[in-house]
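Dear colleague,

Here is the structure I said I would pass on. My notes on it follow below.

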Amino acid sequence: NDSDLRILATRISDSVNSAPVFNTIKSDVITKTDQTFLVKYLGRYSSNSLPPIEESQKILATYSNLLDIFDTNVKKQYQCLFTLGDVCSLQSIRNIQNIIGLRAVTFFQQNKSSEAQSTAYDIVSLGRSITTNADSANTLLVGWSVQNLGYDILTTIKQKGIISVNDKLALIANLRKEQKKVLQYMYTGTADEIDYITSPNNKPSRQLDHDEEDLVNTYRKGASANPTAWNPTETKKFFYSSYKIALSNVDLACGSTPVDSMLNFDFDPQNQQTENYVGKMLYATTYASFDTMSQKRCVIENLIQNL
């Protein structure tokens with residue numbers, strides 16, 4: 001029984017969701033020249049290399065419409081559900097993140113500490129709204145990137161004690177809770193795919209693209225050609241065991257050595273007569289460690305701890 005790992009998405013109302021608005025922003029709304037500037041100073045943010053203020057002010061004036069969109073929607077939730085087939089414009093989030101980051105840094109350079117701090121908090125809020133409803137690794141990582149920038153700028157402002165100890169603990173606990181939830185979504189998607197390989201009547205909740213359908217058909221043909229080559233129950237156990245280990249690793253203190261979640265079974269991909277060959281091939285080619293994801297989370301945890 002894998003019910004403890006399965007999770008289903010629930011849609012929120014569009015009236016409280018900023019994603020439909022952000023998704024209307026064209027990914028190339030920012031010119032290549034301005035994008036290069038933003039990536040240089042905000043995408044690779046460093047308090048030791050702040051952007052020239054005159055150029056920053058020109059860019060902020062040029063993209064005042066993006067600032068307005070952010071200000072109007074920052075208090076809303078963000079939900080774009082990959083598992084239900086939503087098309088999510090994550091590049092638009094990155095554009096918004098960098099423009100708002102530029103606004104915060106410009107306030108700081110103008111000695112407007114209160115405005116800079118408030119804007120940095122808004123960046124964190126945007127990032128947290130993204131990760132709260134994240135159902136994919138990409139969405140989670142983009143949300144963390146937004147939070148990372150916000151906390152980086154708060155660190156630059158250097159106002160110690162702006163977040164209480166209890167609030168820090170709550171923020172860190174929330175980061176870990178959200179990472180676990182995304183891992184559950186990933187397991188659920190994999191379990192659905194295994195059911196779909198077993199029977200085309202077991203349609204997954206997410207609409208698969210053409211390449212994914214082709215891959216499922218390839219696995220299904222391999223399973224039908226040799227009955228011993230496909231054991232869906234055993235295959236689910238492979239993924240279930242790995243995701244359980246990955247979930248427990250999320251609870252480890254940052255800097256700890258995680259338990260290897262990759263199963264080590266004797267498998268020769270050249271030997272198609274291997275029992276449950278299709279299942280073992282599916283596991284070997286699709287499951288990967290989540291240690292890098294946890295390392296990215298720990299960067300944010302460290303920023304929070306030092307505020």
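There are 15 aromatic pairs in this structure, which is a predicted model. One of them joins tyrosine 187 and tyrosine 240: the ring centres are 6.1 Å apart and the planes stand at 75°, so the pair counts as edge-to-face. This pair links distant parts of the chain, with tyrosine 187 in helix α8 and tyrosine 240 in helix α10, 53 residues apart. Tyrosine 187 is buried, at a relative accessible area of 2%, whereas tyrosine 240 is partly exposed, at 23%.

Another pair is formed by phenylalanine 265 and tyrosine 283. Their ring centres lie 5.7 Å apart with the planes at 50°, so this pair is tilted. Phenylalanine 265 sits in the loop between α10 and α11 (277–286) and tyrosine 283 in helix α11, so the pair ties together parts 18 residues apart in sequence.

Which residues lie nearest the centre of the largest pocket? They are Phe82, Met186, Gly189, Thr190 and Arg206, out of 38 lining residues. The volume of this pocket is about 950 Å³. Helices α7, α8, α9 (210–225), α10, α11 and α12 each give two or more residues to its lining. The largest share, seven residues, comes from α8. By class, the lining of the largest pocket has 21 nonpolar, eleven polar and six charged residues.

The structure also holds two cavities of 30 Å³ or more. For the largest cavity, the volume is about 50 Å³. Its lining consists of Gln179, Ala246, Asn249, Val250, Ser261, Ser289, Phe290, Asp291 and Ser294. The elements that give two or more residues to this lining are α10 (232–250) and α12 (291–305), and α10 gives the most, with three. Of the lining residues of the largest cavity, five are polar, three nonpolar and one charged.

Helix α8 contributes the most, with four residues. The lining of the second largest cavity divides into four nonpolar, three polar and two charged residues.

Helix α6 (residues 113–132) and helix α8 (residues 165–198) pack at about 35°, and their axes are 10 Å apart. On the α6 side the contact is made by Arg128, Thr131 and Thr132, and on the α8 side by Leu171, Asn174, Glu178 and Lys181. These residues comprise one nonpolar, three polar and three charged.

Last, two backbone details. Asparagine 111 has a phi near 65°, which is a positive value in a residue other than glycine. This residue is in the loop between α5 (90–109) and α6. Asparagine 276 also has a positive phi, near 55°, and is likewise a residue other than glycine. Its place is in the loop between α10 and α11. Are these two asparagines buried or exposed? Asparagine 111 is exposed, because its relative accessibility is 68% and the cut-off for exposed is over 50%. Asparagine 276 is buried, because its relative accessible area is 0% and buried means under 20%.

Regards

Technical notes
Residues are numbered from 1 along each chain as its sequence is written. This is a predicted model: local features need pLDDT of at least 70, side-chain atom pairs count only at pLDDT 80 or more; totals for chains, interfaces and linings use all residues. Side-chain values use heavy atoms; hydrogens and water are left out. Axes are lines fitted to C-alpha atoms, for helices over the stretch in contact, and angles run from 0 to 180 degrees between N-to-C directions. Contact means heavy atoms within 4.5 Å. Ala, Val, Leu, Ile, Met, Phe, Trp, Tyr, Cys and Pro count as nonpolar, Asp, Glu, Lys and Arg as charged, and the others, Gly among them, as polar. On a 1 Å grid over the protein atoms alone, a cavity is a set of points where a 1.4 Å probe fits but cannot get out, and a pocket is an open set with protein on both sides within 12 Å along at least five of seven lines; lining residues have an atom within 4 Å of a point. Grid points are joined across faces, edges and corners, and a volume is the space filled by probe spheres set on the points. Rings of Phe, Tyr and Trp (its six-membered ring) pair if their centres lie within 6.5 Å; planes under 30 degrees apart count as stacked, over 60 as edge-to-face and the rest as tilted. Buried means under 20% relative accessible area, exposed over 50%, partly exposed in between (1.4 Å probe, protein chains only).
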